[in-house]
Amino acid sequence: TSQKPKVVIDAITSYYEDTDNSTYSMSGYEIQVKPGVRLSGKITLPVVYNNKPIVGIAYEGFVDQTGITHIYFARDEVNACEYRAFGMLAFSGCVNLKHIEFPENLRTINESCFTRCQSLIVSSIGNKIYRIQSNAFNQALTNPAGQTSYNITLGGGVKILGSGAFS
């Protein structure tokens, strides 16, 4: 069963680059684990707070949460999941993270976001993701079939792929 995470939600205004290189802003919240809290198992993250969307995972938001195995995003008939960015080092060191649901509106996976997530299995990355920053999946990813190569299908929206994104 999924548990409600013990998180800190901070107000932010984030700026994103759209596919036509224009920028737009979205006011909302970022989410991160409260200092000193250890999470484990399957986690379901909220999509709204104070009637505003949560638009991203904060810098180091879930860093070194070694007990987390799965991350999902709440389903809400009224509020769409508006997560647009996973911050730098957001899930770094989550060594037992096997699965993360990529939100439909996710646009950016920042630098070293999944560094050292060596249990993570990813087969595809959504069509709306525009930017995968440098070292986003550094020292990460498990080959589910034990083969020597690993294939990930990138959505057609990926325009920026940072150096060593999948090293």
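Start with the open sheet, where three strands line up in the order 3-6-8 with parallel pairing. Strand 3 (40-45) and strand 8 (99-100) are the edge strands, each pairing on one side only. Strands here are DSSP runs of E, at least two residues, numbered from the N terminus, and two strands pair if DSSP finds at least two bridges between them. In general, strands of a sheet pair through backbone hydrogen bonds, either parallel or antiparallel.

A word on what you have open: this is a predicted model, in which local features need pLDDT of at least 70 and side-chain atom pairs count only at pLDDT 80 or more, while totals for chains, interfaces and linings use all residues. Residues are numbered from 1 along each chain as its sequence is written, and side-chain values use heavy atoms, without hydrogens and water.

Now select strands 3 and 6: six bridges join this parallel pair. Pick out Leu45 and you will find Phe73 of strand 6 opposite.

Next, go to Val63, in the loop between strand 5 (52-57) and strand 6 (67-73). Leu89 lies 26 residues away in sequence, yet the C-alpha to C-alpha separation from Val63 is 6.5 Å.

Finish at Phe166, in the segment after strand 13 (160-161). Phe166 is partly exposed, at 31% relative accessible area.

Notes: Helices (H or I, at least four residues) and strands (E, at least two) are DSSP runs, numbered from the N terminus. Buried means under 20% relative accessible area, exposed over 50%, partly exposed in between (1.4 Å probe, protein chains only).
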